[in-house]
Amino acid sequence: MPAQSFNPAIAALQAQIARMEGDSGPERGVLPFGVPDLDRRLPGGGLALGCLHEVAGGGDGAVDGAAASCFAAGIAARLPGPVLWCVTQADLFAPGLEQAGLGPDRVIYVEAGDEVSVLACMEEGLRHGGIGAVVADVARLSMTASRRLHLAAKGSGTTGIALRRWRRQQEAHDFGQPTAAMTRWRISVLPSTALPVPGVGRARWLIELIRARAGE
């Protein structure tokens, strides 16, 4: 069959769509998890850097929310530079984040008071550059807000993580709405690893990759 002819109008439209979705610009590389079952499902074999990602707990309880926070902290801990963590109220457990590899000397906490301010602080942090990652605790994330955050991350090369934590069960329904995030994760707790003697074994999580743009 003859090769498809180049159409400048279609090419311009595709470039415009890519700019609107935040997919234009240089590639920033990926951060592999080192877990084949995860990495082989992600484009490039790892978590895309300089993009927006979403992480949520598997339920509406504090236990799954803590697991999701540790998952986000583990990602941020492997990125060089300080980590900006934006919250509505100071309820993070620093020793728990340190167990995930993110020491208190690397974290800059911002207590914004409400979610509108949290999103504004996250966007400002992403646009600033020079930060390893920006994490923000948000219950709701609209397509417009996520697109702004994704564009800010792409522009500076800073990785953003929207940590979806809910204080009311009805807020969890917002997680099903579409956003501009590159990946969407759901983290739930599992029974700890069994030990041959009485005691609490190593923590285990159920990690679900709900969405990966251009991935499996």
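User: Is Trp-205 buried, partly exposed or exposed, and what is its relative accessible area?
Analyst: Trp-205 is partly exposed, because its relative accessible area is 34%. Buried means under 20%, exposed over 50%, and partly exposed in between (1.4 Å probe, protein chains only).

User: What kind of model is this?
Analyst: This is a predicted model: local features need pLDDT of at least 70, side-chain atom pairs count only at pLDDT 80 or more, and totals for chains, interfaces and linings use all residues. Residues are numbered from 1 along each chain as its sequence is written, and side-chain values use heavy atoms, with hydrogens and water left out.

User: Where is Trp-205 found?
Analyst: In strand β9, residues 204-212. Helices (H or I, at least four residues) and strands (E, at least two) are DSSP runs, numbered from the N terminus. The protein chain has 6 helices and 9 strands.

User: Which residues does the ring cluster with Trp-205 hold?
Analyst: Ring pairs join Trp-205 with Phe-33, Phe-71 and Trp-185. Rings of Phe, Tyr and Trp (its six-membered ring) pair if their centres lie within 6.5 Å; planes under 30 degrees apart count as stacked, over 60 as edge-to-face and the rest as tilted.

User: How many aromatic pairs are there?
Analyst: The structure holds 4. One of them is Phe-71 with Trp-185, a tilted pair at 5.5 Å centre to centre, with 50° between the planes. Phe-71 sits in helix α3 (residues 62-77) and Trp-185 in strand β8 (residues 183-190), 114 residues apart.

User: Are Phe-71 and Trp-185 buried or exposed?
Analyst: Both are buried.

User: New topic. Which residues touch the most other members in the largest nonpolar core?
Analyst: Val-55, Trp-85, Leu-102, Trp-185 and Ile-187, out of 27 residues in that core. A nonpolar core is a set of buried Ala, Val, Leu, Ile, Met, Phe, Trp, Tyr and Cys residues joined through side-chain atoms within 4.5 Å.

User: Which element gives the most to this core?
Analyst: Helix α3, with 8 residues.

User: What is Leu-102 in contact with, leaving aside neighbours within four places in sequence?
Analyst: Ala-73, Ala-77, Val-83, Trp-85, Leu-97 and Val-107. Contact means heavy atoms within 4.5 Å.

User: Which residues does the second core include?
Analyst: Val-118, Leu-126, Val-138 and Ala-145 are among them. This core is separate and has 18 residues.

User: What share of the protein chain is buried?
Analyst: Buried residues make up 41% of its 216 residues.
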